[in-house]
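Morning, everyone. I have one structure to walk through today. Please keep it on your screens while I talk.

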Amino acid sequence: MSIASTSVIQIIPRTRRGVELLLLVIAIAVSVGAYVNIGVTVQNAVPASTGYYAAGIGLLALIAHLALRYRAPYADPVLLPCAVLLNGLGVAMIHRIDLGLAIVAEARGNTPKAAAAPQQITWTAVGIVLFLVVILVIRDHRRLQALTYTAGLAGLVLLVLPLIPGLGVNLNGARIWIRLAGMSFQPGEFAKICLVVFFAGYLVVKRDVLTLAGHRFLGLDLPRARDLGPIGIAWAVSLGVLVFESDLGSSLLFFGLFLFLLYVSTERAGWLIIGGLLFAGGAFFAYTTFGHVHRRVTDWLDPWAIDGGQVKLGLMGQAWGGILGRGLGQGHPEATLYSQSDMIISSFAEELGLTGLIAILLVYTLIIERGLRTALGCRDIFGKLIATGLAMSFALQVFVIVGGVTGLIPLTGLATPFMALGGTSLVANWAIIALLLRISDQARRPQTPAAPVSDETIAMAVQKQ
Amino acid sequence: MNSAIRRLAVAAMILMLALMANSTYLQAFRANEINGRNDNNRVRDSQFSVNRGPILIGSTPVAQSKPSDDRFKYQRTYASGPVYAPVTGFYSYLFGRGGIELTMNAELNGSDPSMAFRRIIDVISNRPQQGGSVTLTLNAAAQQAAYSGLAGKTGAVVAIEPKTGRILAMASRPSYDPNLLASHDSEKVGAAWKNLNADKDKPLSNRAVQELYPPGSTFKLVTAAAALSSGKYTPESKVNSPAELPLPQTTVPLVNEDGKNCGGSNNATLTIALRYSCNTAFGTVGMDLGPDALREQAAKFGFGARPLTELPSVATSQFPGDPNEPQTAQSAIGQFDVRATPLQMAMVAAGIANKGEVMKPYLVQNVKTPDLKTVSETKPESLHQAITPQVASQLTAMMVDVVANGTGKPGAISGVQVAGKTGTAQTSKDRPPFAWFTAFAPADDPKIAVAVLIEKADVARDDVAGGRLAAPIAKKVMEAVLSQ
């Protein structure tokens, strides 16, 4: 059980910041290429805003990169470029749909809505600021352990926020948004981070107790009945989210997170079984009792029955994209409802095809697996749990929203990380990446504090041997 | 702890793989089905912006897309729209497609799998997608003659090349102008669509293949074919042919059209019976052969099967299932529940003309890519040997006699031997009978077989007879082809 007993591959302490810079250049080149491509196909000209777009995204990425060189030199070199790529492509697609919507509005003689892409770039800047704050202020993630219960309380408050009358708003049937000073926020996105910190801090302390075996059943060690309290509370809260906020996605996310961390900290598969049964029971109860949950399921079973339904339109967009896609600027992603936010994945699938969609899913997979790699390499249990929690929250979120959009599971209103239009989610995801980078810096740093060794020195050392 | 994290990593990978598998199924395997949905506006919009290929007759387009500067890049236009509308159909933004525009949609817009390679080249070289062309078998002169012949009437004409099954003419009137439905002006299109559907004369219906009519005396060709094939009859066999034939199980007798016996004889030969289209003679033959022999013979000519796959909603001609004796007698003269499309009756004439071999009729000669590479070329296909060549030549001689000496005189062409058969099908007392004429020429080396149906014409009720109304139209159509 101790860290020393499980084999961790010895990591040669290399900073890899040069690799990160190269990958960043590629990520930015792809994003700017997409932006230019869209301008050329839709407006027959390289857009005048290309310079701003390229400079903006390039500068933000460069700042983040420099911050890492300065304060987290051993951080994972793949995470930041992946996030920049997704963020950049997302802005390009939002811009493309802006253009599409403007054409439709013009054809109908309406005044087009304000473009959403500049907003998203602004939020990207806010996200990078938070990224810098996390990297520069939190010098050691272990300090967060002191904030365990504060984080728990904050998470709970953020979760409940949308339920406060006058503050929370119903959007697309779910009550997970709040409106403040004329802007909409999705507090659940930050609740997620707070709860990961809370779960990790709590489980570091309680894991020994929770590991104690109770009855053996079908070859599995089941936990003792008296230890079922925490999982019961987590279950009740996630069910509360489902019932009162009508959001199956958030509910699944929070409960799933707790369950995964419980499993990792105790290594008892019994917890997964109990949790799975609890969730299945809760979901079935909600399905039979609440109309909105029932409707989500019937919509999923037959998306074609609803005229103008977003999933139906999205599936048609995906099918129209086929294997190679229509090409950027040559499809009709604007024909789908919420094509910039919830349904942005189907917009990509339409214009970049199955090929592009799988490439994007692979970038998500890279982020998830690099996050879990960080957890494996991390030397303290608290850090392991946080990294696992953040990576798995990413995995669950991508699965729930992409699965919903592509008709694999019922659609719920989670944001597509880094891509979907929406400030809260974008900013929160930058904080998640920053936290993962912070932990990975510690995980990859040589055990005895040493001066960072550059790639060149290592190469020379290898040559000499 | 790390082993649990590793297991989670595998689980996360499985989740991502599930997403990829699901999208692959959707975008690679179900895409065609979803793209073909009627409510798929995205595909419709995009296809409206594709340079759709033309529908050609020879090298002349009867439907083509021309550049347009409104909200779509191309405007579908139909030269001589109403003449070809029953075949080309229409291509409408609001009301879908019809005819060849519907059945050959994938080829015309270039999305057909047979053009996949070309499409990939287009994608790579960044050329806009362009559709393939569909060349029809129609003969412009024959089609024009058929359409003009039907002027002021309600009816249809089908002409077939007997040796191949190529459809040379397919006209139906009243027709409509597909340009009205292809317009980009939604209001005008909506109004036109409403009018066309409200019209009692059903201009949107292709009478040549979509409507079923009692074939009347033209069905006597099938009865005669069954009789000659049975071995019991020759063209010279004498049959009972009084003015009035009492039928078993009923008090209503079978009567000849003119109320007289057959060409002055109560015991006429089959040749004479066909010449004067004697109901009593063929009623007698039909009862003698029985319904099964008649149905079998009809099926060999194509009854009971969908004859043409290249147009939508093609009706299947029928011979009644289990008629009693008097009903069999009525069926033998093309009454009771016998129903046929003009196409079917043209197939009967074409079968006799082609030494008894009925060819599968077809409308599409070939499909070509925009750079004129042939994607597919229709090859003539035999349906059935309906009758032996001997029986075919006997029937041909009898039909030549009909035109030379009998009811088919108006169909005669000077210098050319025409073989034909008239028909006048009674329906109900309050509506005029259907006038039919089916023929082929030249009798010794047939180039064209034709069937004409007049459903309604502005003439007095008693004046309707296949010979007088329908035969002149058939003559014009045959002349159009033979003079080429």
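One definition before we start. Axes are lines fitted to C-alpha atoms, for helices over the stretch in contact, and angles run from 0 to 180 degrees between N-to-C directions. Keep that in mind for the helices. And one caution: this is a predicted model.

Find helix α16 of chain B, residues 342-353. Now find helix α19 of chain B, residues 471-482. Helix α19(B) lies across β7, β8, β15, β16 and β17 of chain B. Helix α19(B) also runs at about 150 degrees to β17(B).

Next, the sheet under discussion. In what order do its five strands come? The order is β8-β7-β17-β16-β15, all in chain B. The sheet is open, and the pairing is antiparallel. Strands of a sheet pair through backbone hydrogen bonds, either parallel or antiparallel. At the edges stand β8 (167-173) and β15 (419-425) of chain B, each pairing on one side only. From one strand to the next, the twist averages 5 degrees.

Let's go through some pairs. Strand β7 of chain B covers residues 154-160, and six bridges join it to β8(B). These two run antiparallel. Look for Gly155(B): its bridge partner in β8(B) is Arg173(B). On to β15(B) and β16(B). Seven bridges join them, again antiparallel. Here Lys421(B) has Thr438(B) of β16(B) as its bridge partner. Then β16(B) pairs with β17(B), antiparallel, over seven bridges. Ala439(B) stands opposite Val450(B) in β17(B). A hairpin of six residues takes the chain from β16(B) to β17(B).

Stay on β16(B) a moment. Is it buried or exposed? Eight of its eight residues are buried, so β16(B) is largely enclosed by the rest of the structure. In a regular strand the side chains alternate between the two faces of the sheet. You can follow that here. Phe434(B), Trp436(B), Thr438(B) and Phe440(B) point one way. Ala435(B), Phe437(B), Ala439(B) and Ala441(B) point the other way. All of them are buried.

Chain B has another sheet to show you. Six strands form an open sheet in the order β3-β2-β1-β6-β12-β13. Its pairing is mixed. The edges are β3 (74-77) and β13 (374-377) of chain B. Each has a single partner strand, so one side of each is left without a neighbour in the sheet. Neighbouring strands in this sheet are turned by 25 degrees against each other on average, ignoring direction. Strand β2 of chain B, residues 60-67, pairs with β3(B) in the antiparallel sense over four bridges. In that pairing, Pro67(B) stands opposite Tyr74(B) of β3(B).

Now switch to chain A. Its secondary structure comes to 15 helices and five strands. Chain A has 465 residues, and 52% count as buried.

Here is a helix pair. Take α2 (residues 50-71) and α4 (residues 117-137) of chain A. Their axes come within 10 Å and cross at roughly 5 degrees. That makes α2(A) roughly parallel to α4(A), because angles under 35 degrees count as such. Which residues make the contact? From α2(A), they include Leu60(A), Ile63(A) and Leu68(A). From α4(A), they include Ile128(A), Phe131(A) and Ile135(A). The contact divides into 12 nonpolar residues, two polar and one charged.

What about the cores? The largest nonpolar core has 156 residues. Among those with the most contacts inside it are Phe199(A), Leu257(A) and Leu437(A). Helix α13(A) gives the largest share of this core, 16 residues. Apart from it lies another core, of 125 residues, including Ile57(B) and Tyr362(B). As for Leu437(A), its contacts include Leu68(A), Ala72(A) and Ile135(A).

Last stop: where the chains meet. 43 residues of chain A are in contact with 32 residues of chain B. On chain A, the helices α8 (248-266), α11 (310-321), α12 (344-377) and α13 (381-405) each supply at least two residues of that side. The largest share, 13 residues, comes from α12(A). The residues on this side of chain A divide into 28 nonpolar, 12 polar and three charged.

Methods. Residues are numbered from 1 along each chain as its sequence is written. Chains are lettered from A and ligands numbered from 1 in the order in which they are written. This is a predicted model: local features need pLDDT of at least 70, side-chain atom pairs count only at pLDDT 80 or more; totals for chains, interfaces and linings use all residues. Two residues are in contact if their C-beta atoms, placed from the backbone, lie within 7 Å. Ala, Val, Leu, Ile, Met, Phe, Trp, Tyr, Cys and Pro count as nonpolar, Asp, Glu, Lys and Arg as charged, and the others, Gly among them, as polar. A residue is buried if 20 or more other C-beta atoms lie within 10 Å of its own, exposed if 12 or fewer, and partly exposed in between; C-beta atoms are placed from the backbone. A nonpolar core is a set of buried Ala, Val, Leu, Ile, Met, Phe, Trp, Tyr and Cys residues joined through C-beta atoms within 7 Å. Two strands pair if DSSP finds at least two bridges between them. Angles under 35 degrees count as roughly parallel, over 145 as roughly antiparallel, 65 to 115 as roughly perpendicular and the rest as oblique. Lists of a residue's contacts leave out its neighbours within four places in sequence.
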